[in-house]
Amino acid sequence: MERKRGLGFVGALWRVNLLSAMEYRVPFIMQLGGMMLNNVIYFAFWVLFFDRFEEVQGWTLRDMMLLFAVVASGLGLAMMLFGNCRAIARIVAAGDLDRYLALPRPVLLHVLASRSSVPSMGDFVFGLIWFVLAGDVTAAHALRFLLAVVLSACTFTASLVLANSLVFWLRRSELLADHFLNAMITFSLYPGTLFNGAARVFLFTVVPAGLTGALPVEMLRDFDAATLGWLCAGTAVLAAFALLAFQIGLRRYESGSAIVVRI
Amino acid sequence: MQRTLSTRMLLNRYGALFRMPLVENLAEVGNVVSAVLVMTMFMWVFAMLWQAVFAAQGTDLIAGLTLKHTLWYLLMAELVVLSKPLLAEEISDSIKTGSIAYDLMRPLDFGLFHLSRYAGHVAFRACVNLLAGGAVVWLLVGPPPAWQGLFPAVLALMLSWGLEFCFEALIGLAAFWTEDISAFRWIHQKISFILGGLFLPLDFYPPWLAAVARVLPFASIIYAPGRLFVDPAAGRLLSTLALQLGWLVVLGFAFRLLSDRALRRLTINGG
């Protein structure tokens, strides 16, 4: 019963977010279309690259299309549903967490779902289109793709919550959180086979971009239960750490005593 | 006497505006650390990618560039992009919030006011980025291929930031007509990246595309300084600077035209 009410609450937040974003039609369409066009132009780099070099460490243009599809849709989904995952540090530093603490709802869930990013909807749609264009759209492959997108979205959300929760200890870590997101996106969008040894460990721990791009694509290229298992385990561990960090950090939070009226 | 004093006063004013961002950036240690981290990260990723490419091709030379040329070129290209402030956003925000009224009340030229602040930000960030990125590239592939390329590259860099200033200001001023400029910013940014050769030197492009891209302003901004740095031939220097100056005249004129029209549209209410 409690879980059902919680889901209903989150659903209501998402609905409000979507309606308020669509209130301004022209900016909504411009941001959505602009982000898709932005991604298409960005991908042109890899078209030019593979036109010249054909393959880099076993990766071809089609693999890069799958990588862009998974990362764009994963990031888009995370920012559409939990758009505040990248803004927690800013919210805490400004003392704006008070408004969530006063309400009888799970704080983290309420914070995360209170904002949906419009451009990210463009990312999400772009990823779906790119997956179709990459070819091999069978039911099984599409199902695996959706699974990869959901896991990638969970990893993006969890790692951003974790990075942003540092604000409870460092007080000002907004910039660090921004750079962490940039690093996640940058490292996610390169062929996974480029990174070996210490670099690979780094990309599955400190900046877990391997879980948002390279590993999901490996699962799509050659599906096996072990890769899926590693992906699920990695995402679950990150989510557990994120939850723990936020809960422990929240105990250290001191109110900004700001009086804010939400309408 | 009157004219000399007035010129000196103006120089002092714009000089103060140039120095202000330097002080602001120095006070924000976090910004310096982040700039170092970002530059290090990008150059590291590029090194991994291009080492793999050169190894796979089994050659030391691709389109006339070695691995060392490529990485030093990419450093200069990143330097152009990572050292500039978000001017379009700043202008657009000032239009949306109405704070542009305060900017216009100052006894300063609108364009020169923003140019002075822009130059201050660029000067500081470029030094930090060059030191951080240069150290990474030096460690990975050794010193720059041609030290004599440094002076021509600095000249080309200054012109390229001038061009980028015009583009950013034009996009920012678009906020007078449209509610949101983010789509323009993303598209301009990505077109610059691709046609400017940010991730891939234009020499590696298909010949027809490279020929078209080379004459566009995006190449004058991103490609030109890096290419001059690794290959500072006299002919290249002259053609690069001539093209950059030509585009600067065109874009500078466009900025002046648009800013005059935009500021005429401005209506300020209240006091």
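In the predicted model, B:Asp203 is situated in the loop that runs between helix 8 and helix 9 of chain B. The relative accessible area of B:Asp203 is 15%, so the residue falls under the 20% limit and is classed as buried. Two polar contacts are made by its side chain: one of 3.0 Å to the side chain of B:Tyr223, and one of 3.1 Å to the side chain of B:Arg227. When neighbours within four places in sequence are set aside, the contacts of B:Asp203 comprise B:Ala63, B:Leu65, B:Arg214, B:Tyr223 and B:Arg227 in chain B, together with A:Arg52 from chain A.

Both polar partners of B:Asp203, B:Tyr223 and B:Arg227, are listed among the buried residues of helix 11 of chain B. This helix spans residues 223–230, and eight of its eight residues are buried, so the element is largely enclosed by the rest of the structure. Besides B:Tyr223 and B:Arg227, the buried set contains B:Ala224, B:Pro225, B:Gly226, B:Leu228, B:Phe229 and B:Val230. The cover over these residues includes helix 3 (67–82), helix 7 (150–173), helix 8 (182–196) and helix 9 (207–215) of chain B, as well as helix 10 and helix 12 (234–265) of that chain.

Two or more lining residues are contributed by each of helix 8 (139–165), helix 10 (174–188) and helix 13 (225–252) of chain A, and by helix 2 (29–57) of chain B. Helix 10 of chain A provides the largest share, with six residues. In composition, the lining has 19 nonpolar and five polar residues, and no charged residue.

Chain A has a mean pLDDT of 89, with 95% of its residues at 70 or more; for chain B the mean is 90, and 96% of the residues reach 70 or more. Within chain A, the lowest confidence is found in helix 1 (residues 2–23), with a mean of 84, and the highest in helix 3 (residues 61–81), at 96. Among the elements of chain B, the lowest mean pLDDT, 81, belongs to helix 1 (residues 2–27), whereas the highest, 97, belongs to helix 10 (residues 217–221).

Key
Residues are numbered from 1 along each chain as its sequence is written. Chains are lettered from A and ligands numbered from 1 in the order in which they are written. This is a predicted model: local features need pLDDT of at least 70, side-chain atom pairs count only at pLDDT 80 or more; totals for chains, interfaces and linings use all residues. Side-chain values use heavy atoms; hydrogens and water are left out. Helices (H or I, at least four residues) and strands (E, at least two) are DSSP runs, numbered from the N terminus. Ala, Val, Leu, Ile, Met, Phe, Trp, Tyr, Cys and Pro count as nonpolar, Asp, Glu, Lys and Arg as charged, and the others, Gly among them, as polar. pLDDT is the predictor's confidence in each residue, from 0 to 100. Buried means under 20% relative accessible area, exposed over 50%, partly exposed in between (1.4 Å probe, protein chains only). Contact means heavy atoms within 4.5 Å. A polar contact is a pair of N or O atoms within 3.5 Å; within protein, one must be able to donate a hydrogen and the other to accept it, and residues adjacent in sequence count only if both atoms are side-chain atoms.
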